[in-house]
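The sequence and structure come next.

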Amino acid sequence: MKVLVATEKPFAAAAVNGIRKIVTEAGHEIAMLEKYPSPDKLIEAVADADALIVRSDKVTADVVAAAGKLKIVVRAGAGYDNIDLAACSARGIVVMNTPGQNSNAVAELAIAMMIFMSRNQFTPGTGSEIKGKKVGIHAYGNVGRLVAEKAMALGMKVMAFDPFVPADVMEKEGVEPAASLEQMYGECNFISVHIPATPETKGSIGYDLISAMPAGGCVVNTARKEVINEVELEKVLSDRPDLKYITDIAANNQAELNEKFGRRVFATPKKMGAETAEANINAGLAAASQIADFFATGNTKFQVNK
Ligand code: NAD
């Protein structure tokens, strides 16, 4: 089988070596397409690929249509909104992600963002401490859980909302389950956003939720920009000059937000939550192992388009 690794933003060398080793030792061939200048290159390269490993690369319906032999796509990372699931499913192509492999990197960034905003973006002036403050974890998955664990270690109180995680699981981990999103936003000094971008969650965090936050509240978004209603975000930041927003995924109206709200907002210049050597290697190796296992045993444990 031919495994194509298509990464517009390449993996670290150690990850590439590890992927190569796993793929070839499993008896497959590997092809690399790195830093490609346009989607056309990906469309050309997938023509004879049986398996595809991508990072944030877009696997569109056109890519799928050009990939006549494709059986599996693995997104080395957690979010898989860059993959046209419907197009893959229609062709019986298995799509997987590599959950958990970059969670620690993202969780560390979320904590760093809380401190950064509490200390005036490291500029002169009196800031505040995060110890004793309350953080609301919006989605208690791999990243959310790690943020909760680290926040508790720093002396924060932690609440979480996730309709798919039973309350007793949160309680056992020292986390207060929120009865509703409204309750959580209403009580927490920080909200750490970890919901995936789905048709249900897109634009779901807007004026009503953010304006419910107590004085000085700060929303920390390391998930996706799409889950925020950006027009309403701008309005709530105008109406409530005490609130703050920091994100790892710049809003479409980020330039406007920066100009209007100065140090009350911040966006990383480029998404960097998972950009650690450790996360890079973990996710790449997991993707290669999942493909080797899929071809050897049919294992579809991490399939997201079942
Ligand atoms: P995960 O799949 O482990 O957890 C997602 C959680 O969301 C699950 O517990 C699920 O029950 C919950 N959920 C789904 N719909 C919900 C809803 N409507 N309300 C509340 N909870 C809901 O994913 P993860 O590894 O924790 O990653 C979370 C998100 O972070 C990803 O979807 C991705 O968008 C983003 N991410 C960003 C970076 C980055 O570089 N900034 C890196 C990795 C992941």
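Where does Pro 124 lie?

## The loop between helix 5 and strand 6

Pro 124 lies in the loop between helix 5 and strand 6. The model is a predicted one, and the positions below refer to that prediction. Pro 124 counts as exposed because its relative accessibility is 80%, and the cut-off for exposed is over 50%. The C-alpha atom of Pro 124 is separated by 54 Å from that of Asn 299; along the chain, these two residues are 175 residues apart.

Gln 121 is also placed in this loop, which runs between helix 5 (103-118) and strand 6 (134-138). Phe 122 has its place in the loop as well. Phe 122, in contrast, counts as exposed because its relative accessibility is 61%.

Most residues other than glycine have a negative phi. Gln 121 has a positive phi, near 55 degrees. Phe 122 has a positive phi too, near 55 degrees.

Which residues does Gln 121 contact, once its neighbours within four places in sequence are left aside? They are Phe 116, Arg 263, Val 265 and Phe 266.

## Overall fold

The protein contains twelve helices and twelve strands. Its radius of gyration is 20 Å, close to the 19 Å that the globule rule gives for 306 residues, so the protein is as compact as a globular protein of that length. The C-alpha trace spans about 60 × 45 × 35 Å along the principal axes.

Of the 306 residues in the protein, 48% are buried. Among contacts with a separation of 6 or more, 63% are between residues 24 or more positions apart.

## The second largest pocket

What is the volume of the second largest pocket? The volume is about 180 Å³. This pocket is lined by 16 residues, and the closest to its centre are Ser 118, Ser 128, Phe 190, Gly 216 and Lys 244.

By residue class, the lining of the second largest pocket divides into five nonpolar, eight polar and three charged residues.

## Cysteines

How many disulfides does a search of the whole structure find? The search finds zero disulfides. Cys 218 is in no disulfide, and the nearest cysteine sulfur is that of Cys 188, 12 Å away. A disulfide needs two cysteine sulfur atoms within 2.5 Å.

Cys 218 counts as buried because its relative accessibility is 1%. Cys 88 likewise counts as buried, because its relative accessibility is 0%.

Definitions and conventions. Residues are numbered from 1 along each chain as its sequence is written. This is a predicted model: local features need pLDDT of at least 70, side-chain atom pairs count only at pLDDT 80 or more; totals for chains, interfaces and linings use all residues. Side-chain values use heavy atoms; hydrogens and water are left out. Buried means under 20% relative accessible area, exposed over 50%, partly exposed in between (1.4 Å probe, protein chains only). On a 1 Å grid over the protein atoms alone, a cavity is a set of points where a 1.4 Å probe fits but cannot get out, and a pocket is an open set with protein on both sides within 12 Å along at least five of seven lines; lining residues have an atom within 4 Å of a point. Grid points are joined across faces, edges and corners, and a volume is the space filled by probe spheres set on the points. Ala, Val, Leu, Ile, Met, Phe, Trp, Tyr, Cys and Pro count as nonpolar, Asp, Glu, Lys and Arg as charged, and the others, Gly among them, as polar. Helices (H or I, at least four residues) and strands (E, at least two) are DSSP runs, numbered from the N terminus. The radius of gyration is taken over C-alpha atoms; the globule rule is 2.2 Å times the number of residues to the power 0.38. Contact means heavy atoms within 4.5 Å.
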